[in-house]
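Please keep the sequence and the coordinates in view while reading.

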Amino acid sequence: YISCWSNAAMCYIKLKEWADATRACNQVLDIQSEEVTNIKALYRRGLARMHLGLYKEAKEDLMAAYKIDNSNKEVRKALAQ
């Protein structure tokens with residue numbers, strides 16, 4: 001279930017379907033055990049929110065992902081934008 005929604009989010013990102021990507025990530029992050037540990041979903045939702053112009057929310061997601069793994073190159077690159 002988690003990997004399916006996470007993979008769907010990645011597909012939506014590649015298609016530039018930012019709202020759908022956000023919704024797919026929400027499905028993953030709505031699961032209590034995943035909300036603070038799933039770096040992929042946090043990163044992907046942050047990226048999608050950035051493209052939707054939701055900069056405050058994007059930064060929150062990206063900072064949460066950064067706190068999980070501060071050496072992740074994709075997260076660091078997105079935060080630098």
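Two residues are said to be in contact when heavy atoms of each lie within 4.5 Å. The model examined here is predicted. By that criterion, and leaving aside residues up to four places away in sequence, Tyr-43 touches Leu-62, Ala-65, Glu-74, Val-75 and Ala-78.

Together with Met-50, Tyr-43 has the most contacts inside the largest nonpolar core, which comprises 17 residues. Helices H2 (18–29), H3, H4 and H5 each contribute at least two residues to this core. The greatest contribution comes from H3, which supplies seven residues.

Helix H4 may be considered next. H4 spans residues 55–68, 14 residues in total, and its first and last C-alpha atoms are 20 Å apart, close to the 20 Å expected at 1.5 Å a residue. Which residues of H4 are buried? They are Ala-58, Asp-61, Leu-62 and Ala-65. Viewed down the axis of H4, these buried residues fall within an arc of 95°, and they therefore line one face of the helix. The buried residues of H4 pack against helix H3 (39–51) and helix H5 (73–80). Two of them, Leu-62 and Ala-65, are among the residues touched by Tyr-43. On the face of H4 turned away from the buried side, the exposed residues are Lys-56, Lys-59 and Lys-67.

Is Ser-71 buried or partly exposed? Its relative accessibility is 47%, so Ser-71 counts as partly exposed; the category lies between the 20% limit for buried and the 50% limit for exposed. The side chain of Ser-71 is joined to that of Asp-69 by a polar contact of 2.7 Å.

Aromatic pairing remains to be described. The structure holds one aromatic pair. It is formed by Tyr-1 and Trp-5, whose ring centres are 6.4 Å apart; because their planes stand at 75°, the pair is edge-to-face. Tyr-1 is exposed, with a relative accessible area of 55%, whereas Trp-5 is partly exposed, at 31%.

Methods. Residues numbered from 1 in each chain as written. Predicted model: local features only at pLDDT ≥ 70, side-chain atom pairs only at ≥ 80, totals over all residues. Heavy atoms only, no water. Helix = DSSP H or I, 4+ residues; strand = E, 2+ residues; numbered from the N terminus. Expected span 1.5 Å × (residues − 1). Buried < 20%, exposed > 50% of the residue type's maximum accessible area, 1.4 Å probe, protein only. Arc of directions from axis to C-beta. Core = buried A, V, L, I, M, F, W, Y, C linked by side-chain atoms within 4.5 Å. Phe/Tyr/Trp six-rings, centres within 6.5 Å; stacked < 30°, edge-to-face > 60°. Polar contact = N/O pair within 3.5 Å; in protein donor to acceptor, adjacent residues only side chain to side chain.
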